Amino acid sequence: SKREIKMRKLDSTKVRPLKSEQLLRIEDHDFALRPGFGGSPIPVGIDVQVESIDSISEVDMDFTMTLYLRHYWKDERLSFHSNKNKSMTFDGRLIKKIWVPDVFFVHSKRSFIHDTTVQNIMLRVYPDGNVLFSLRITVSAMCFMDFSRFPLDTQNCSLELESYAYNEDDLMLYWKHGNKSLSTDEHISLSQFFIEEFSASSGLAFYSSTGWYNRLFINFALRRHIFFFVLQSYFPAMLMVMLSWVSFWIDRRAVPARVSLGITTVLTMSTIMTGVSASMPQVSYIKAVDVYLWISFLFVFLSVIEYAAVNYLTTIEERKQLKKRGKASGTYSIDAVQAMAFDGCFHDTDVDMDLTAFSDRCEENETRARAASVSNVDTSRVKRKRSLKGNVGRIILQNNHVIDTYSRIIFPSVYIVFNFFYWGLYI
């Protein structure tokens, strides 16, 4: 009646629809139902442009990616008359009033739609009812990484898209332009990885309670930069192993020098191994870098054990020689280097030493040296310098154990062979 029509016009509680909503006749339809409800599944095309890969985390085993996600479908309920056949573009305010696909990211940890300065959402409707729905999203998703070849590894990660509510009987997801549906920015780069390839694929996912769902995959392969790890891990490990070999050329009686060198290299290798492990997830299998560092640590440790064997065998050998050359009075004649090892005092010539009183003998040798130097100090110094210069090589050769001689050849040779097989196997 005329009275009811008048009352409707005067009702201020109702909000008049916008002109665009009137043109799309949004109030005339129930958009809680998908297009073509009760019929064949609605095809929804997907197009993705990857803007950036923000980070790759080995510890958390995930990656973060920013992308433009575009949906294409046809909803005849949104068709409108247009004389010029032009489309209409809207922002995110219209999304809540119409039906849109409920695509989500499988195995995602965090995701959000950018909202600066406004929500990065675009909706474009064509006169025939075709719809383009675009979002700018940043998503962090799981990447099941295999570190058995780390840091010489290549990781294959994927971002998976799927409808949450509609199975394959109601919605069919597909790549809009096939393999060309996935595009990337030319300037995408990562600090630790080369991006080898991007590819798009599709498949099906089954859930026992709800059935089969279409699933789309964004696959990308990442190859790790090796140069960083060569500088931070491999090269220092090589230097520590080679530094441990220096002890093979040091006099076997220089106990403090060889022991301190061995302990220093062992502790340094332990520090390198701890630093590498701290930046990696606690996996239950052995990584390639673990193999290299542990074998390098074994070489350093064996160099310490080698000197322990040399020192022990040297002690036994000298005891036997002292017993053979011993006198009835208990005094033994030993050379200058051996005397220095026993009493800690420097001697120019062979010394007769009583092994029962090293400290007294040391004082006697010092007194004897002072008395001899009083008569001719300058002559003694000149002779000592000449004697040291002429006999350094002979003393070192005579006082190197046969184990040191073999170690100088065996340790470097085996380590070179190990490096050859290691880099040949993993590269």
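**Close-up views of a predicted model**

**View 1. A loop residue with a positive phi.** In this predicted model, M61 is found in the loop that links β1 (42-57) and β2 (62-74). Although M61 is not a glycine, its phi is positive, at about 55°.

**View 2. Two cis peptide bonds in loops.** The bond that joins T116 to T117 is cis, and its omega is near 0°. T117 belongs to the loop between β5 (108-113) and β6 (121-125). A cis peptide bond also runs from F150 to P151, again with omega near 0°. P151 sits in the loop between β7 (130-142) and β8 (154-163).

**View 3. An open sheet of four strands.** The strands follow the order β4-β8-β12-β11, and their pairing is antiparallel. At the edges are β4 (103-106) and β11 (193-207), each of which pairs on one side only. From one strand to the next, the twist averages 25°. Strands of a sheet pair through backbone hydrogen bonds, in either a parallel or an antiparallel sense. Between β11 and β12 (residues 211-224), the antiparallel pairing extends over 14 bridges.

**View 4. Helix α3 against helix α5.** Helix α3 (residues 227-244) packs with helix α5 (residues 288-324) at an angle of about 15°, and the two axes are 9 Å apart. An angle under 35 degrees counts as roughly parallel, and α3 and α5 are therefore roughly parallel to each other. The crossing of α3 past α5 is left-handed. On the α3 side, the contact is made by S233, Y234, A237, M238, M240, V241 and S244. The residues they meet in α5 are A288, V289, Y292, L293, S296, F299, V300 and S303. This contact of α3 with α5 comprises eleven nonpolar and four polar residues, with no charged ones.

**View 5. Helix α4 against helix α5.** Helix α4 (residues 255-278) and α5 have axes that come within 10 Å and cross at roughly 165°. Angles over 145 degrees count as roughly antiparallel, so α4 and α5 are roughly antiparallel to each other. Here too the crossing is described by its hand: α4 passes α5 in a left-handed crossing. Among the α4 residues in this contact are R258, G262, M269 and I272, while those of α5 include W294, F297, E306 and N311. By class, the contact of α4 with α5 holds 15 nonpolar, five polar and two charged residues.

**View 6. Helix α3 against helix α9.** The axes of α3 and helix α9 (residues 402-426) cross at roughly 165° and come within 12 Å. The two helices, α3 and α9, are therefore roughly antiparallel to each other. The crossing of α3 past α9 is right-handed. Y234, A237, M238 and V241 of α3 meet Y415, N419, Y422 and W423 of α9. Seven of the residues in this contact of α3 with α9 are nonpolar, one is polar and none is charged.

**View 7. Spans recorded as transmembrane.** An unreviewed UniProt entry lists residues 226-247, 259-279, 291-310 and 409-426 under "transmembrane region". In the model, residues 226-247 are 82% helix and 0% strand, and the end C-alpha atoms of this span lie 31 Å apart. Residues 409-426 are 100% helix and 0% strand, with their end C-alpha atoms 26 Å apart.

How values were computed:
Residues are numbered from 1 along each chain as its sequence is written. This is a predicted model: local features need pLDDT of at least 70, side-chain atom pairs count only at pLDDT 80 or more; totals for chains, interfaces and linings use all residues. Side-chain values use heavy atoms; hydrogens and water are left out. Axes are lines fitted to C-alpha atoms, for helices over the stretch in contact, and angles run from 0 to 180 degrees between N-to-C directions. Angles under 35 degrees count as roughly parallel, over 145 as roughly antiparallel, 65 to 115 as roughly perpendicular and the rest as oblique. A crossing is left-handed if the near helix is turned anticlockwise from the far one by less than a right angle, and right-handed if clockwise. Contact means heavy atoms within 4.5 Å. Ala, Val, Leu, Ile, Met, Phe, Trp, Tyr, Cys and Pro count as nonpolar, Asp, Glu, Lys and Arg as charged, and the others, Gly among them, as polar. UniProt positions are given in the numbering used here, feature names are shortened, and annotations may be inferred rather than shown by experiment. Two strands pair if DSSP finds at least two bridges between them.
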